[in-house]
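Subject: Structure handover

Hello,

Please find the structure below, with the sequence alongside. My notes on what was found in it follow.

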Protein chains: 4
Amino acid sequence: MAPRGPRVVVPVDVKKRPWEQELPLHNRWHPEIPPVADVRTGELFRVEMVDWTGGQIGDNDSAVDVKSVDLSVPHCLSGPLRVVDSDGTPAKPGDLLAVEICNLGPLLGDEWGFTATFDRENGGGFLTDHFPGATKAIWYFEGIYAYSPQIPGVRFPGLAHPGIVGTAPSAELLNIWNARERELEENGVASLKLCDVLHTRPLANLPTAKGCLLGKIKEGTEEWERIANEAARTIPGRENGGNCDIKNLSRGSKVYLPVFVEGANLSAGDMHFSQGDGEVSFCGAIEMSGFLELKCEIIRGGMKEYLTPMGPTALHVNPIFEIGPMEPRFSEWLVFEGISVDESGRQHFLDASIAYKRAVLNAIDYLSKFGYSKEQVYLLLSCCPCEGRISGIVDTPNAVATLAIPIAIFDQDIRPKKGKVPTGPRVVKRVPDVLRCSYDGNLPVTQNPGGKESEMWKGARSA
Amino acid sequence: MAPRGPRVVVPVDVKKRPWEQELPLHNRWHPEIPPVADVRTGELFRVEMVDWTGGQIGDNDSAVDVKSVDLSVPHCLSGPLRVVDSDGTPAKPGDLLAVEICNLGPLLGDEWGFTATFDRENGGGFLTDHFPGATKAIWYFEGIYAYSPQIPGVRFPGLAHPGIVGTAPSAELLNIWNARERELEENGVASLKLCDVLHTRPLANLPTAKGCLLGKIKEGTEEWERIANEAARTIPGRENGGNCDIKNLSRGSKVYLPVFVEGANLSAGDMHFSQGDGEVSFCGAIEMSGFLELKCEIIRGGMKEYLTPMGPTALHVNPIFEIGPMEPRFSEWLVFEGISVDESGRQHFLDASIAYKRAVLNAIDYLSKFGYSKEQVYLLLSCCPCEGRISGIVDTPNAVATLAIPIAIFDQDIRPKKGKVPTGPRVVKRVPDVLRCSYDGNLPVTQNPGGKESEMWKGARSA
Amino acid sequence: MAPRGPRVVVPVDVKKRPWEQELPLHNRWHPEIPPVADVRTGELFRVEMVDWTGGQIGDNDSAVDVKSVDLSVPHCLSGPLRVVDSDGTPAKPGDLLAVEICNLGPLLGDEWGFTATFDRENGGGFLTDHFPGATKAIWYFEGIYAYSPQIPGVRFPGLAHPGIVGTAPSAELLNIWNARERELEENGVASLKLCDVLHTRPLANLPTAKGCLLGKIKEGTEEWERIANEAARTIPGRENGGNCDIKNLSRGSKVYLPVFVEGANLSAGDMHFSQGDGEVSFCGAIEMSGFLELKCEIIRGGMKEYLTPMGPTALHVNPIFEIGPMEPRFSEWLVFEGISVDESGRQHFLDASIAYKRAVLNAIDYLSKFGYSKEQVYLLLSCCPCEGRISGIVDTPNAVATLAIPIAIFDQDIRPKKGKVPTGPRVVKRVPDVLRCSYDGNLPVTQNPGGKESEMWKGARSA
Amino acid sequence: MAPRGPRVVVPVDVKKRPWEQELPLHNRWHPEIPPVADVRTGELFRVEMVDWTGGQIGDNDSAVDVKSVDLSVPHCLSGPLRVVDSDGTPAKPGDLLAVEICNLGPLLGDEWGFTATFDRENGGGFLTDHFPGATKAIWYFEGIYAYSPQIPGVRFPGLAHPGIVGTAPSAELLNIWNARERELEENGVASLKLCDVLHTRPLANLPTAKGCLLGKIKEGTEEWERIANEAARTIPGRENGGNCDIKNLSRGSKVYLPVFVEGANLSAGDMHFSQGDGEVSFCGAIEMSGFLELKCEIIRGGMKEYLTPMGPTALHVNPIFEIGPMEPRFSEWLVFEGISVDESGRQHFLDASIAYKRAVLNAIDYLSKFGYSKEQVYLLLSCCPCEGRISGIVDTPNAVATLAIPIAIFDQDIRPKKGKVPTGPRVVKRVPDVLRCSYDGNLPVTQNPGGKESEMWKGARSA
């Protein structure tokens with residue numbers, strides 16, 4: 001008789017705040033954050049997680065909590081876990097840690113999530129220059145499906161996944177991170193052209209003691225102060241995995257993570273019920289609390305064996321992922337394209353970020369013809385199982401990016417057809433709309449200048 | 001009794017040069033290139049096409065033809081076709097042209113293709129700073145499968161598609177293209193940061209009479225000279241579709257193209273037996289001659305109805321695509337990740353192009369451990385059915401891009417495993433290698449600095 | 001704020017016997033078994049279920065519990081549930097009840113299951129003439145995956161589903177069932193030819209008070225006695241749905257059930273972690289306890305609108321099913337074929353049951369070459385996600401049936417290859433074997449006579 | 001430089017009759033029919049085939065050709081091909097012949113097909129007791145798609161495949177076939193119960209010189225007479241493969257065939273553009289002419305190594321199939337169920353043929369509610385990519401069979417919905433109907449007795 005079910009190594013109580021949990025959470029990457037538990041290779045264990053904001057966003061009728069969110073707090077991670085093999089020997093730097101995601105999902109009794117856009121002054125997002133105000137949609141789960149009162153007319157099966165799975169960095173790697181991100185923050189605006197087009201700020205999120213959670217390290221101590229001012233924020237994905245937001249990393253997937261510190265110090269969090277490639281609205285998946293059922297193996301010496309550093313040091317590596325066999329099956333997709341010409345008509349050089357921005361803008365405008373507000377579509381494309389592809393990256397000067405949307409998630413046929421977009425009862429304004437706050441800042445809003453009259457239209461009309 | 005099979009509206013003879021074909025080919029976009037045939041809405045018709053280089057690359061044992069390719073010639077397109085409805089009324093500017101790809105494939109008796117990297121001085125490619133020399137691999141087709149004597153150990157089903165489907169631009173749109181690309185070519189190096197990282201040159205390919213094919217326009221005339229100096233090159237994808245390189249645009253797909261000139265003037269070419277997302281080596285799909293069986297519908301006024309301009313004029317639109325139901329079914333994928341930190345360790349801001357470059361480099365190094373040369377893998381990833389995704393585009397400062405490779409295309413298991421990469425008979429050096437030419441230029445080659453000793457390795461070794 | 005998660009309408013405690021549950025279970029179909037709870041259309045509710053045998057089979061090292069199982073007890077069903085619409089009006093005879101399976105799975109802390117063959121004297125199975133003894137394999141679940149200590153070398157994702165979903169029959173329908181099955185039981189052996197080939201007995205399971213559970217009806221009362229002697233056994237699928245064993249009826253599926261009594265009286269049970277088409281070993285899926293999360297709609301008058309009776313009365317209908325989008329994705333299948341010629345070489349006429357029997361026998365023999373015992377394969381093919389198809393049913397005299405097995409569930413390549421079946425460490429005898437009991441009956445065991453020397457072999461050897 | 005494309009080893013001219021072809025066709029199985037060509041292992045070769053009737057059915061407006069078809073002629077097969085290895089050594093009895101289907105499709109210029117039901121007096125079909133008259137529908141191909149003027153409102157991608165791939169039987173095997181089928185033909189009606197329910201006659205098709213084509217054997221010779229009276233008909237699938245009608249045997253599939261005679265003598269024919277599992281109408285796929293591109297390997301001694309005889313001799317084996325990766329991707333299916341209770345209400349014992357008959361009848365009645373005639377649906381279910389499954393074969397007394405239909409092939413939503421079946425313009429009678437002939441025989445037609453008034457309906461109406 002085998003043990004039944006997974007061993008719960010990190011429980012959470014969603015009614016408690018992150019710092020009140022039985023096993024304290026952490027929201028920074030640092031080699032000295034102590035493990036909260038040990039796990040053995042081959043055993044099935046369960047890790048529970050609060051949502052990435054640590055409960056700041058509520059299931060209510062207002063987006064004020066989104067507008068005023070404290071972004072020094074995310075992501076509230078569960079762990080670190082010290083991984084040992086059957087002999088009790090811990091994972092060692094240079095090993096590869098294979099983490100299999102055997103199961104995952106929302107927590108019983110907490111089957112809901114949210115998708116939001118942050119205010120341009122407080123977080124922003126991929127299209128924040130177009131949509132500067134905070135918005136929010138609540139999603140409820142019916143088993144594998146999610147639906148939102150704020151975005152009627154869509155319902156889709158989730159491809160749930162953890163936004164974050166990562167190992168602790170070594171001190172050496174942490175220093176590399178902090179140095180390169182500080183350099184960007186200090187010199188970036190002048191030197192980097194994308195800042196004209198991708199308006200999210202700040203450029204980087206440097207270490208800060210504000211909002212810092214360091215697990216078992218006691219706040220107020222000298223050690224806490226030192227670590228809090230060194231520890232890396234969890235916002236970007238980096239060499240240790242971290243916030244990769246790979247939407248297909250669901251049941252049956254495997255992550256092969258480099259090990260930088262003894263025991264690996266595995267952490268996870270930022271559970272998503274569903275996400276679109278790119279997670280464009282930034283608070284952008286269907287964000288939820290949840291659980292992971294995991295199984296680890298240690299591939300001794302696997303970093304050297306399987307990962308090639310691609311940068312100045314042996315630490316400049318990236319994890320590898322293996323996608324599992326359980327995904328929703330969609331047979332038909334509508335695909336929107338963008339090229340690296342920005343909204344002002346300016347030509348960029350093979351810039352996939354700009355091409356993808358334009359593909360998303362094209363999709364938003366298109367779908368808004370079917371009775372949705374643009375904000376509804378923006379949130380939807382951030383969290384539904386849509387695919388963002390780099391289709392062409394060599395045909396100078398245009399990168400071509402595409403956004404593919406499964407047609408089956410809509411309750412109407414969204415394909416172009418002869419005649420006008422269908423009107424009548426099936427395309428009423430999709431009300432109620434997303435929850436919104438005003439944008440009170442004074443940064444400019446990008447207006448789509450596309451209304452300018454073209455010679456062609458004149459000809460077409462007179463014809 | 002219905003008519004049997006498709007009507008052949010553009011035949012080609014692969015033994016003839018592009019300018020010798022019965023219906024002359026063209027390799028530029030211009031509103032005044034005259035249609036070579038009419039097609040009616042609803043009828044099934046067949047268009048045959050030479051390969052994109054017009055036969056410059058041979059099925060032989062040398063890459064010299066690649067190194068010395070004349071890039072003023074591609075892409076040799078078939079058409080334009082004037083599309084009329086059942087009443088004989090042509091498509092009008094402002095309409096949307098729905099083109100269904102009912103079938104496609106290689107030409108009988110010409111079942112082969114090639115994948116190549118250009119020399120850095122003559123075309124380059126996504127990783128030309130790493131791989132500056134010309135290389136070539138030949139692929140032979142066995143029905144749905146392709147295999148290459150130069151890249152042994154892989155065989156995969158093709159997802160054949162046209163790299164280029166497009167309509168003719170209006171004069172107004174052509175002017176917009178030429179203006180914005182000239183601006184880039186003239187000022188780009190100074191103003192655009194990506195040029196440090198993506199080394200393909202020139203920045204843009206401006207109109208040139210050299211190598212120009214204008215279909216039925218007689219060479220040597222004044223008209224020819226004028227048009228040749230105005231007509232846009234076919235390299236980049238643009239508002240008219242063109243070189244989109246969407247690898248899933250295969251049997252059963254639909255393209256919804258904007259119509260800018262009367263009759264739409266539909267052209268197609270650049271047939272691919274298979275391509276990976278991004279087509280990273282530039283000459284990068286399995287390039288072949290081939291045929292398309294198409295069916296057109298005209299959605300009257302559809303541009304205004306379905307496409308929203310995303311730029312200064314009503315012409316700044318992009319086509320929409322609908323992906324068909326026939327694709328090879330792969331169940332397992334190995335996924336490589338890249339973040340927007342370049343090979344020198346420098347941090348970039350949400351740059352998906354750099355992130356994708358690093359994901360591809362990671363994949364090349366990984367797969368080369370299994371007995372391949374890096375050039376073999378570079379060509380393979382350019383043409384096999386791998387998927388390039390924008391996974392995260394909001395988590396400042398790192399964009400996260402991923403490259404997913406179907407495991408089943410290899411004759412060995414390429415997953416990380418306990419112990420070392422398998423050696424012995426299954427992982428012999430995969431010989432013969434790709435065909436190569438030396439790189440004789442004096443531009444620097446990017447060296448992966450990853451060999452630098454890390455503190456960690458020292459610790460791991462002594463442990 | 002919406003209600004969180006599903007309402008639990010039927011809880012079970014797997015540590016208790018079926019008759020000790022808080023809401024009593026039932027194991028017969030009868031219109032007078034009273035509902036245990038009401039559910040409203042549109043609400044998400046949860047039904048928990050014990051395994052089909054009511055806990056008779058244990059997670060232990062012996063098959064004795066299988067050999068001596070009391071088959072008068074299965075299937076222990078949860079319900080009936082009375083379905084009412086938002087106005088409180090119950091479903092009415094003639095309505096169609098649409099039941100959506102939003103989620104399902106094993107019960108927390110009870111993540112295991114079993115597959116077994118019954119003794120030929122007590123239950124039998126599809127191949128009981130070949131395999132007359134009781135056998136058992138235990139499966140443990142790791143999230144979506146199942147593995148068995150008794151069948152090493154295979155691991156597969158489950159496509160969990162309820163073996164039984166059904167509505168209560170009316171008295172009229174119950175009478176029809178009892179009459180036709182009694183007729184078979186009484187006259188079948190003489191009149192039905194299949195009995196020579198499909199050796200499971202008895203021919204039908206007629207009503208019996210032995211082992212009977214009637215929910216809220218008090219045992220010992222006159223009412224109990226009457227109903228117990230009228231109520232239909234749950235073994236076969238019938239007009240009310242019931243034991244359909246449709247292996248793809250998983251997350252996201254819908255069942256459209258005819259309503260025969262007021263309130264519909266919906267019952268469910270017989271949860272399967274995974275099953276192969278046909279469930280050939282009879283105790284044949286990975287049998288488990290589990291939960292369903294369901295949502296109901298009532299289609300008023302839907303029986304007349306959508307179902308056509310195919311028999312003497314308006315009650316001779318069958319339910320309709322809609323398969324959901326979440327299934328494991330397998331890309332490669334090995335397919336075994338059978339024709340309607342039995343093991344003695346006798347020709348049958350378009351008999352799909354015999355053809356399928358032979359396809360399964362062929363598969364068992366084939367796979368046993370790879371180191372398995374035949375009993376291991378028999379159990380495996382009963383519970384893994386294999387597909388049983390009727391490929392040809394018109395080509396007299398042979399029906400052609402096929403059994404398709406996903407290749408990826410094995411840890412070795414099971415395809416035919418040049419040379420001999422691989423030997424060496426990868427094909428050791430797969431030990432330990434299934435748990436077994438001796439067969440002590442005196443019914444004959446079908447021996448495969450295939451060893452008889454053929455002229456051909458003699459020729460081949462001498463050549 | 002490799003050879004381009006496949007070598008054409010059997011060309012056909014569809015304007016010629018079967019006996020006028022350059023390489024003569026054959027329509028019987030016999031060891032002495034001489035090979036028409038040699039093929040080498042590893043080479044890609046092309047075999048062209050006429051349709052199974054040898055051109056008897058025309059693309060015209062009448063079903064008379066179906067009613068009067070000469071069924072002594074089918075199937076007109078191409079081959080036999082003698083398979084030799086690279087040394088010129090032929091395949092030997094006891095080997096396994098692996099035939100890979102690299103490509104296949106209709107012949108250029110002959111892109112059409114037909115589906116038909118035969119008259120009950122001349123061929124019949126699975127439901128011939130319900131539908132005794134000859135009917136016909138013509139299908140035209142648009143690349144991967146087929147549509148029929150006689151069955152408007154459906155269009156689907158084909159999963160083309162050969163109905164027949166087989167090797168020649170040895171004399172010993174041929175004798176076995178003839179003996180067992182003669183036994184059935186002579187004694188079957190008395191002994192086999194299925195004949196009450198599956199009304200296709202004759203029970204078996206015994207050897208006959210009428211209509212016989214023996215390839216290179218000269219008609220009128222003594223040899224011809226002898227062989228014609230011994231040679232087996234091609235209607236049923238048997239140990240040599242033959243008419244398996246496995247609808248998924250498409251591009252990328254492999255067939256592992258037993259070799260019974262030197263050279264294997266491989267034949268193929270009966271090309272289908274698409275077929276539903278069971279091919280229920282008998283002339284039942286979209287029947288067409290076509291081509292196969294094949295590649296063979298010989299697995300020496302593979303019969304003994306991989307196939308276990310399941311019958312009295314070493315020849316009682318069945319081929320194995322491997323399904324390829326290219327299939328149309330359907331995400332939603334509507335599933336109809338049948339149990340082994342026949343239309344008269346009589347209970348049968350685990351009879352999958354009867355269960356499948358009832359599932360098909362249920363589907364026909366259901367779909368006919370959406371504006372189709374029952375004959376239209378019968379033909380449609382015979383040729384569209386629907387799946388026929390044996391879901392339950394152990395739950396005495398009912399076998400459960402299911403028929404799953406991809407929803408996307410219809411131009412309307414065919415799911416049950418609240419309210420009535422939609423009426424109005426989307427559900428006009430689908431005209432024109434199939435082409436029909438009267439049934440002039442005097443066998444009884446099975447009438448669905450389902451109209452009989454039920455107690456339930458009475459109650460429902462009065463409520």
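**Notes on the structure**

D:Pro80 has its place in strand β4 of chain D; helices (H or I, at least four residues) and strands (E, at least two) are DSSP runs, numbered from the N terminus. The peptide bond that leads from D:Gly79 to D:Pro80 is cis, and its omega is near 0°.

Before the rest, some conventions. This is a predicted model, in which local features need pLDDT of at least 70 and side-chain atom pairs count only at pLDDT 80 or more, while totals for chains, interfaces and linings use all residues. Residues are numbered from 1 along each chain as its sequence is written, chains are lettered from A and ligands numbered from 1 in the order in which they are written, and side-chain values use heavy atoms, with hydrogens and water left out.

**Other backbone points**

D:His75 is found in the loop between α1 (64-67) and β4 (78-84) of that chain. In chain B, the residue to look at is B:Ala264, which is not a glycine but has a positive phi, near 75°. B:Ala264 lies in the loop that runs between β13 (253-258) and β14 (266-272) of chain B. As background, most residues other than glycine have a negative phi, and most peptide bonds are trans.

**Chain C with chain D**

Here 127 residues of chain C are in contact with 127 residues of chain D, contact meaning heavy atoms within 4.5 Å. The two chains bury about 10,800 Å² between them, and 58% of that is on carbon and sulfur atoms. Buried area is the accessible area (1.4 Å probe) that two parts lose on being put together, summed over both. On the side of chain C, the three residues that supply more of the area buried against chain D than any other three are C:Tyr306, C:Met310 and C:Phe349, with 8%.

The rule finds 10 salt bridges across this interface; a salt bridge is a side-chain nitrogen of Lys or Arg within 4 Å of a carboxyl oxygen of Asp or Glu. One of them links C:Arg358 with D:Glu239, where the closest N and O atoms are 3.9 Å apart. There are also 46 residue pairs in polar contact, both residues being at pLDDT 80 or more. A polar contact is a pair of N or O atoms within 3.5 Å; within protein, one must be able to donate a hydrogen and the other to accept it, and residues adjacent in sequence count only if both atoms are side-chain atoms.

Helix α5 (residues 352-368) of chain C gives the most to the side that touches chain D, with eight residues. By type, that side of chain C divides into 61 nonpolar, 33 polar and 33 charged residues. Nonpolar covers Ala, Val, Leu, Ile, Met, Phe, Trp, Tyr, Cys and Pro, charged covers Asp, Glu, Lys and Arg, and the others, Gly among them, are polar.

Strands also pair across this interface, which takes at least two DSSP bridges between them. Strand β19 (residues 333-339) of chain C and strand β17 (residues 320-323) of chain D run antiparallel and are joined by four bridges. C:Leu334 stands opposite D:Glu322 there.

**Chain D with chain B**

This contact takes 36 residues from each of chain D and chain B. About 3,100 Å² is buried between them, with carbon and sulfur atoms giving 53%. D:Arg4, D:Met326 and D:Arg329 supply 21% of the area that chain D buries against chain B, more than any other three residues.

The count of salt bridges between these chains is six. D:Arg329 forms a salt bridge with B:Glu327, the closest N and O atoms being 3.5 Å apart. Strand β18 (residues 326-328) of chain B is joined by three bridges to β18 of chain D, and the two run antiparallel. Within that pairing, B:Glu327 stands opposite D:Glu327.

Regards
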